[in-house]
Amino acid sequence: MAKQKLEDLDWTNLGFAYRDLPYSYNEEFKDGKWQNGGLTTDSTLTFNEAAEDLHYGQEVFEGMKAYRTKDGRIQLFRPDMNAKRFTNSAKRLVMEPYPEDKFVEAVKEVVKANADFVPPYGSGGSLYIRPFMVGTEPLVGVSPSSTYTFHIYATPVGAYIKGLHPMPYMVSKYDRAAYAGTGQAKTAGNYAGSLLAAKEAKDNGFAGELYLDPRQHKYVDEFGGANFYAIGKDGKFYTPKSHSILPSITKKSILQIAKDLGLDPSETNIDVNDLDEYTEAGAMGTAAVISPVGSLTNNGKKHVFYSETEPGPITQKLYDTLFGIQSGDVEDKYGWVVPV
Ligand code: PLP
Ligand code: COI
């Protein structure tokens, strides 16, 4: 694949696509320790045909963004939280954790090296950063690898879901993760398992799928790539408390922002049969930012939240505050922003 040329990029029309940038980061774990890694111009990885990851899915990843501020600086949003979750995911998959301070430094190195590719302020774009780690040992039996590759690539992206346009979603009949499964880990298998559910949603005209709790299929869990929230008729902010969802860094931040906005936020059970109790709903995540849910269809029954065409006022406020902090326009009261 050819390297992306800077002059070929249309900053206002990036989409959510992979582009091969000049620099990535690579480091190997072997002989019981992480070797000294660093920047590389090689965006191709080579594995033995029996590599653990290729057959048994021993992989974990992260997703984060670098934002351009009005005065041209570049900043990350809570990268320490991604480093921590990467460790937790690695432990769940019995992988060698990558040192958290080195994780943040490596992310900064990749952003600095590709700084020209961080979209300009006001374009709506950002530099998406994808750190990941795979088990590389050739193994026929199912057991943890003793060698790993840690790698980071970056790619300029527009919004995953464009603008604050409400989208229609459907409740999936499939589960994303088992109750005591790998739902809290950011690992490839959870996403491979979601492909059919997402295909069924898209084939039926929906933007995506929403999963219910895997034990009772009664309470809302999350989307394939984002957490769920809803605003109650009482004006309060609700988001699912569940054993099988990814602990979203955006969600954690929105819980604080919602508290500051007087929305009395809580993590609780959201019964899929009680959607009438909610006036707004949305998706939250790094890629999704805040994306309003226009409607949710469950077993053929469609529930419209605020509107199918306009974002609700609380959704708009949450988005403005979160994206404002991320891009430097709103005061960062909590020290979430890290300069690159
Ligand atoms: N849930 C899933 C399944 C995800 O893939 C993501 C994306 O990372 C999220 C939630 C949101 O997490 P975060 O806000 O940390 O990006
Ligand atoms: C992210 O938001 O960073 C994710 O990993 C979600 C993915 C489906 C793009």
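Student: How do the residues of the shell around ligand 1 divide by class?

Tutor: By class, that shell has three nonpolar, seven polar and two charged residues, where Ala, Val, Leu, Ile, Met, Phe, Trp, Tyr, Cys and Pro count as nonpolar, Asp, Glu, Lys and Arg as charged, and the others, Gly among them, as polar. Please keep in mind that this is a predicted model, in which local features need pLDDT of at least 70 and side-chain atom pairs count only at pLDDT 80 or more, while totals for chains, interfaces and linings use all residues. Residues are numbered from 1 along each chain as its sequence is written, and chains are lettered from A and ligands numbered from 1 in the order in which they are written.

Student: What makes a residue part of the shell around ligand 1, and which residues are in it?

Tutor: A residue is near a molecule if its C-beta atom, placed from the backbone, lies within 6 Å of it. For ligand 1 the residues are G63, E222, G225, A226, N227, L246, S248, I249, T250, K251, G285 and T286. Helix α6 gives the most to this shell, with three residues. Ligand 2 is surrounded by G63, G225, G285, T286 and A287, and its shell divides into one nonpolar, four polar and no charged residues.

Student: How do you know that α6 is a helix, and how does its span compare with the one expected?

Tutor: Helices are DSSP runs of H or I with at least four residues, and strands are runs of E with at least two, numbered from the N terminus. After α6 comes G262, whose phi is positive, near 75 degrees.

Student: Which residues of α6 are buried, and what do they pack against?

Tutor: The buried ones are I249, T250, K251, S253, I254, I257 and A258. They pack against α2 (79–92), β12 (227–232), β13 (237–240), β15 (278–285) and α7 (313–326).

Student: Why is D31 called exposed, while R78 is called buried?

Tutor: A residue is buried if 20 or more other C-beta atoms, placed from the backbone, lie within 10 Å of its own, exposed if 12 or fewer, and partly exposed in between. D31 has 8 such atoms and is therefore exposed, whereas R78 has 21 and is therefore buried. D31 lies in the loop between β1 (24–30) and β2 (33–34), and R78 is found in the loop between β6 (74–77) and α2. D31 has a positive phi of about 50 degrees although it is not a glycine, and phi of R78, also a residue other than glycine, is positive and near 50 degrees.

Student: Why does Y25 count as buried, and what does it touch?

Tutor: Y25 has 22 other C-beta atoms within 10 Å, so it is buried. This residue is found in strand β1. Two residues are in contact if their C-beta atoms, placed from the backbone, lie within 7 Å. Leaving out residues up to four places away in sequence, Y25 touches G37, G38, L39, T40, A106, E109, V110, H151 and I152.

Student: What makes a group of residues a nonpolar core, and which members of the largest one touch the most others?

Tutor: A nonpolar core is a set of buried Ala, Val, Leu, Ile, Met, Phe, Trp, Tyr and Cys residues joined through C-beta atoms within 7 Å. The largest core has 77 residues, of which V107, V110, I129, M133 and A154 touch the most other members. It draws at least three residues from each of domain 1 (6–157) and domain 2 (167–327).

Student: How do you know where the two domains lie, and how many residues are in contact between them?

Tutor: The bounds come from an automatic or database domain assignment, which divides the chain into domain 1 (6–157) and domain 2 (167–327). Between them, 21 residues of domain 1 are in contact with 13 residues of domain 2. On the domain 1 side, β4 (59–61), β5 (64–68) and α2 each give two or more residues, and the largest share, six residues, comes from α2. That side divides into nine nonpolar, six polar and six charged residues.
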